[in-house]
Amino acid sequence: MSMQTIKDISEPRRAYEHAAEIHHQNVVDYFDQLLKDTKTDAAANKATCEDYYHKLTEIEALEKKARKKKRKRSFFKFLMIVSFILIILIPVGVLLYKKIKHGIDAEIKKIHDDIAVENSHAEELKGQAIAQLAALNDAYSWNLPAELVGKTIPLMQVDTVFDNKRYYQLHDKYGYGVHAGNDISTLYVQSGSIFGNPFVIEMNRVQEMVPRTYFGSLTVTYTVRTNVNGRTVTTTRTEILHAEIVKPAPYYYVDTWLIYGNDAAPKLNFTRMPGATKDLSAREIAKLVKKSNKELAKRSKKDHEFTKMGNSEFEALFNATDRDNEVEFRLLFTPLAQRNMLHLIKTPTPYGDDFCFVKRGPLNYIKTRHAQTHDYRGNPLDFLDFDLAKAREKFITRCDEYFKNFYFDMAPLMCVPLYQNYKAKEYIYKDNHADSNVTAFETESLANAYDVTHFMPKDSATEAILKTELVKKEKDHDLVNIVAHAFKSIPQVEMVPRVAGNGRTYMVPVTWYQYLPVSKKTPLMVGTTNDDRKKFISEKHEKLFANSSVKDVYYQKGLVSALFTAINTNNTNK
């Protein structure tokens, strides 16, 4: 199946709408081709789903009818109670109520029996619809949204898996490395190349210690003596004293970055943060530029290593004034690059100026606000449905949304013509270069795909950060330990002095929690497989669950993992 492609993205913001239209059509065409390849009968599924939804409507009508009958029964019970209270026709009222109640109960039972029958019919119809889409649901593969981006824009290619060859290219040529600390874990990773240069998108779970405020109170009672008309009057007063303390506590969040390697301007370092231009009018932007121009002119006189750009608007809005190499900065940000960047920053839709751009030598780091709420995992489960109409909507919407987020994560890099023109030299990877078959990034991603309760240390009171510990590299798989790092909480009480209205100092108790690290190791086997998703799902029980110590298995992007029973628990107090 041939697809339309975009080859010229020298002006990325200007090219977006056209690129998005082409990509949308490519997604639609791809889905339609999937239907043909899987011989999915759209008309049959539509008819089955219509029957199913009609059956649900009938069930809802029966349930509504049953509720009315129950209200009717309650009403007659109320009348009987009233007759008892008023001592009116008690014998007749009881007999009449019992007869009416018996009749209503029979009607309700009949309705419930009908509902059970209709629910059974509805489940049969749903099962039929699921079977009609079984081949389609099995045909979805990992990373489809990312792969389709590469079809639309061939200059952007994605890897099936972040393998050792790509990792060591980034590591050896550009200085990229693993996250060594116990405070960050990879939730998902997507690697590839832009204009032939390597990139990786990391979705990480991060733990930080942040200040947390704890509050306490104490009610005190005391007497106050006052002079009223020459007489001493004693008054009892009650006062609530409040106190607070601040202690460190763990905080967890997801942090998504794009890291891109390019040898253009390899000695340049700078940082730019998103501004507030999205909410500014043209007049307000002009005032901002004027103010920035004055400040930078003063700096140029004092700092002889800093030279203000001729484009004052670019200086103000890009605002990378911590740059440390003026020659390479100008080499990178040519007049076209400046225009591209300003167009990207000043156009409020779809995201406007929401990106952080950090350059550290040959590595470029992009962090956008929109990426922090976007899920880059290309999980086929996102597309599964029994209703073809809903499945189509899910697939197209998800792929279109992925393209938009991916495109505008890449956009700051695409704004720079030198990055598009600078091609990476061929990297020759040696198989004996790596200590493991699967990178730590992918291993952590697999571990994070499991139910976290498999890994949680005893007595943990927080989330966990999962790290990889290589045990042994085998021929086609790795044996690793997944080490879960969490915290247990221990209540503490601190007495805080507070002065009451009587001038005395009281000690107010404030309960706070001390967080001590705990950890647990769980064995995991990870390796590559040539099986596709469908084959793995159908055979995983036979192949992997034959080992009684295997608790669960998982497949992702051509990687397979088997989770074993935990080998030890290591609680550490520090």
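Is R323 buried or exposed, and at what relative accessibility? At 6% relative accessibility, R323 counts as buried, where buried means under 20% relative accessible area, exposed over 50% and partly exposed in between, with a 1.4 Å probe and protein chains only.

## Basis of the description

This is a predicted model, in which local features need pLDDT of at least 70 and side-chain atom pairs count only at pLDDT 80 or more, while totals for chains, interfaces and linings use all residues. Residues are numbered from 1 along each chain as its sequence is written, and side-chain values use heavy atoms, with hydrogens and water left out.

## Salt bridges

With a salt bridge taken as a side-chain nitrogen of Lys or Arg within 4 Å of a carboxyl oxygen of Asp or Glu, the count comes to 25. One of them joins the side chains of R323 and E326 at 3.1 Å, N to O, and E326, at 13% relative accessibility, counts as buried.

Another salt bridge, of 3.0 Å from N to O, is formed by the side chains of K55 and E118. K55 lies in helix α2 (residues 42-86) and E118 in helix α3 (residues 90-132), so the pair ties together parts that are 63 residues apart in sequence; helices here are DSSP runs of H or I with at least four residues, strands are runs of E with at least two, and both are numbered from the N terminus. K55 is buried at 16% relative accessibility, and E118 is buried at 16% relative accessibility.

The buried residues are L144, P145, A146, L148, V149, G150 and T152, and what covers them includes α1, β1 (156-158), β2 (184-194) and α11.

The axes of α5 (residues 144-152) and α1 (residues 12-37) come within 10 Å and cross at roughly 120°, the axes being lines fitted to C-alpha atoms, for helices over the stretch in contact, with angles from 0 to 180 degrees between N-to-C directions. The contact (heavy atoms within 4.5 Å) is made by A19, I22, H23, N26, V27 and Y30 of α1 and by L144, L148, V149 and T152 of α5.

The axes of α5 and helix α11 (residues 388-414) come within 9 Å and cross at roughly 65°. Here L144, P145, A146, L148, V149 and T152 of α5 meet F395, C399, Y402, F403 and F406 of α11.
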